[in-house]
Amino acid sequence: QADFSILQEGQFWLSETPKKPGSLGWDGSYPRICTWGLFQSTKDTGVRFYVVNTHFDHMGAVARQESAKLILDHIQRLRKEESLPVILMGDLNAGPGEAEIAILRDALQDAYELLDEPAGRTFHDFKGGLEGEPIDYIFTTHDVEMVETIIYRDTYDGAYPSDHYPVSMKWRAASV
């Protein structure tokens, strides 16, 4: 049996017309989406939370910044009825000093805050290495207690399983 069941789910396009399938946003080079789900623990705790996943445009700076704002607006709408924890993650195609990351950090917690040293790069084109900055992130609302962030840099049979290092964050719902 799975540890979580999904209660609701949806998606929207990162554009000026988020309900229009395939819509291209701002100065973006490809249509991009954001997918979200409301999960509930199947254990005795019954904890419920939202997970929001996205992939920002790799070329359009305006598209990335507007996508960040659009997602934050959507998170506000999700939490309007019941203020449940939200975890946002994805390939944001932006370094830590970019405006779109600052927009998200102003409203959310950055899982990289838990690291004792700089995260290093997360996109490595199957070559490995640490030199550079992350473009893959996990953010949470402030009612999430982040416990540990891990960037997995392991190889399997001498090869990387992806051109990005996986990033994970252990968490629990903060005490109220």
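Mentor: Overall picture it is. For 176 residues, a compact globule would have a radius of gyration near 16 Å, and the protein's 17 Å agrees with that (taken over C-alpha atoms; the globule rule is 2.2 Å times the number of residues to the power 0.38). Keep in mind that this is a predicted model: local features need pLDDT of at least 70, side-chain atom pairs count only at pLDDT 80 or more, and totals for chains, interfaces and linings use all residues. Numbering runs from 1 along each chain as its sequence is written, and side-chain values use heavy atoms, with hydrogens and water left out.

The C-alpha trace spans about 45 × 35 × 30 Å along its principal axes. There are 2 helices and 8 strands, in the order β-β-β-α-β-α-β-β-β-β from the N terminus; these are DSSP runs numbered from the N terminus, H or I of at least four residues for helices and E of at least two for strands. Buried residues are 40% of the 176, where buried means under 20% relative accessible area, exposed over 50%, and partly exposed in between, with a 1.4 Å probe and protein chains only. Of the contacts between residues at least 6 apart in sequence, 66% join residues at least 24 apart, a contact being heavy atoms within 4.5 Å.

Now the rings. A pair of aromatic rings is described by the distance of the centres and the angle of the planes. Rings of Phe, Tyr and Trp (its six-membered ring) pair if their centres lie within 6.5 Å; planes under 30 degrees apart are stacked, over 60 edge-to-face, and the rest tilted. That rule gives 7 aromatic pairs. One of them, Tyr-137 with Phe-139, is stacked, at 5.7 Å centre to centre and 15 degrees between the planes. Both of these residues are buried. Another pair, Tyr-160 with Tyr-165, is edge-to-face, with 5.8 Å between centres and 75 degrees between planes. Here Tyr-160 is partly exposed at 22% relative accessible area, while Tyr-165 is buried at 4%. Elsewhere, Phe-4, Phe-39, Phe-49 and Trp-171 make up one aromatic cluster.

Stay with Tyr-165 for a moment. The charged end of Arg-153 sits over its ring, 4.8 Å from the centre; the test is NZ of Lys or CZ of Arg within 6 Å of the ring centre and within 35 degrees of the ring normal. Then there's His-124, in the loop between strand S5 (109–110) and strand S6 (136–140). His-124 has 2% relative accessibility and so counts as buried.

Leaving aside neighbours within four places in sequence, Leu-92 contacts Tyr-137 and Phe-139, plus Thr-54, Phe-56, Arg-64, Ile-101, Leu-104 and Ile-135. Leu-92 and Ile-138 are 46 residues apart in sequence, yet 9.8 Å apart in space, C-alpha to C-alpha.
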